[in-house]
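Hi everyone, thanks for coming. Please have a look at the chain on the screen, and then I'll walk you through a few places in it.

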Amino acid sequence: MSPLTRLSAQKHIFLTRHLSSSTASSKLHDIYCFKPPPSLSPEKPQTSNNNNNNKKKQKPEYRPPSSLETNKKPLCSDLPFDFRFSYTESSPDVRPIGLREPKYSPFGPGRLDRTWTGVCAPAVDLKVKSVDDGVGEEGLDLEEKRMVMREKIQGKPLTKAEGKILVDKCQRNKTKKQINLGRDGLTHNMLNDIHNHWKHDEAVRVKCMGVPTVDMKNVCTQLEDKTFGKIIHRHCGLLVLYRGRNYHPRNRPVIPLMLWKPHEPVYPRLIKTTIDGLSIEETKEMRKRGLAVPALTKLSRNGYYGSLVPMVRDAFLVSELVRIDCQGLDRSDSKKIGCKLRDLVPCILVTFDKEQIVVWRGKDYKPPEDEDEQFFADRQPFDDPQSDMDCIKEKLSSDETRFQPE
């Protein structure tokens with residue numbers, strides 16, 4: 001190797017050593033403003049603070065709302081009737097013989113100021129100190145309160161022309177809004193749906209289907225009693241429910257909602273081992289004959305059964321046993337229909353075997369005398385004779401003033 005190449009190599013090594021040992025206080029930095037790169041400087045850069053500042057703050061974890069939180073005050077409702085899951089399919093006169101579950105309130109724990117008895121949430125406190133405290137008087141007061149509230153909301157009755165306008169607005173070709181009333185009947189949460197419809201419209205269309213249509217009189221009575229409205233038109237299972245002249249959405253009642261469907265309590269058996277007044281052999285023979293009788297009618301699923309009770313009554317004039325074909329219906333629905341027939345016709349239930357309802361008229365059967373008063377016609381348009389007379393009187397008075405000679 002030549003001496004020149006050795007000298008240049010030594011100078012290169014000297015410069016690299018000098019640069020590696022230089023610091024911020026070196027002469028190179030003072031003269032040339034030279035700042036060594038981070039890889040050559042002995043001190044490590046402090047970047048931990050910058051990373052911490054760039055990190056986003058973590059959001060708290062989502063916590064879904066729970067009905068078990070009892071921090072809120074319980075709702076207080078002034079509605080003067082007992083809260084039930086279904087107002088048409090349960091009767092306060094029939095007492096159950098047991099409960100299928102503990103008395104858990106379907107409104108949620110601590111969400112309502114009423115106690116749940118397993119069947120209903122009564123408006124009157126059941127904790128009475130003595131028998132003479134007047135429970136019956138409180139029941140009468142609630143009934144009077146319902147009547148006063150309904151009269152206050154309804155106000156002056158509608159005229160025939162106003163009723164026709166509201167009915168025409170609720171037809172199927174005008175609006176698709178309606179409330180479906182199915183196998184459970186008029187439920188408690190359905191009251192809130194009706195008031196939500198009344199917030200925008202004066203009347204709402206209600207379509208009744210299935211088991212509740214056996215007793216349409218009860219359906220119409222409960223609708224008017226629990227909503228304080230008025231039915232202004234009925235055609236088979238289609239109803240038009242009017243909210244009232246003095247109704248205002250801001251003054252609607254407080255209706256607490258049920259969070260789940262409570263289990264039905266245990267009621268006595270509908271069909272006993274032997275029919276009253278008959279022996280075991282006679283009961284078996286009657287059940288065989290009942291299943292062999294020609295069917296009176298076949299019930300369709302979610303159909304209209306409003307004419308079923310008159311049909312059974314007419315059939316009892318000719319035959320002592322009547323069979324109704326219920327193929328395709330749930331067994332619980334057929335039992336509910338049989339229970340309604342037993343109370344409305346009246347009759348004796350024989351069997352529910354093979355998806356059939358067999359009823360017997362009894363030994364001393366007499367057709368009821370108040371048949372016309374107990375049932376509605378299939379079609380009931382709005383008609384108020386008093387308002388019609390007022391319209392006629394106003395028209396006559398206007399005609400007299402028009403043709404009166406000057």
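Where is the place of Tyr104? Tyr104 sits in the loop between strand 1 (83-84) and strand 2 (120-121). When I say helix or strand, I mean DSSP runs numbered from the N terminus: helices are H or I with at least four residues, and strands are E with at least two.

Before going on, a word on the source: this is a predicted model, where local features need pLDDT of at least 70, side-chain atom pairs count only at pLDDT 80 or more, and totals for chains, interfaces and linings use all residues. Residues are numbered from 1 along each chain as its sequence is written, and side-chain values use heavy atoms, leaving out hydrogens and water.

Back to Tyr104, which is exposed, with a relative accessible area of 54%. Here buried means under 20% relative accessible area, exposed means over 50%, and partly exposed is in between, with a 1.4 Å probe and protein chains only. Together with Leu259 and Trp260, Tyr104 makes a nonpolar surface patch of about 330 Å². Areas come from the Shrake-Rupley method with a 1.4 Å probe, and for residues only the protein chains shown count as cover. Patches are made of residues with over 30% relative accessible area and no salt bridge; like charges are joined within 9 Å, and nonpolar side chains (Val, Leu, Ile, Met, Phe, Trp, Tyr) within 5 Å.

Now the overall picture. The chain has 12 helices and 11 strands, and 33% of its 406 residues are buried. Among contacts (heavy atoms within 4.5 Å) between residues at least 6 apart in sequence, 76% join residues at least 24 apart.

Next is Thr227, in helix 7 (residues 216-227). Is Thr227 buried or exposed? Thr227 is buried, with a relative accessible area of 2%. Not counting residues up to four places away in sequence, Thr227 touches Leu191, Ile194, His195, Trp198 and Leu241. The Thr227 side chain also reaches the backbone oxygen of Leu223 at 2.4 Å.

Let's turn to salt bridges, meaning a side-chain nitrogen of Lys or Arg within 4 Å of a carboxyl oxygen of Asp or Glu. By this rule there are 14 salt bridges. In one of them, the side chains of Arg150 and Glu224 meet at 3.6 Å, N to O. Arg150 lies in helix 4 (residues 135-154) and Glu224 in helix 7, so this pair ties together parts that are 74 residues apart in sequence. Arg150 is partly exposed at 26% relative accessibility, and Glu224 is partly exposed at 22%. Asp225 and Lys226 also meet in a salt bridge, at 3.0 Å; Asp225 is partly exposed at 24%, while Lys226 counts as buried at 10%. There is a network too, linking Arg183, Arg301, Asp330 and Asp333.

One last stop: Gln327, in the loop between strand 8 (321-325) and helix 10 (331-344). Leaving aside neighbours within four places in sequence, Gln327 is in contact with Lys298, Leu299, Glu355 and Gln356.

Note on methods. A polar contact is a pair of N or O atoms within 3.5 Å; within protein, one must be able to donate a hydrogen and the other to accept it, and residues adjacent in sequence count only if both atoms are side-chain atoms.
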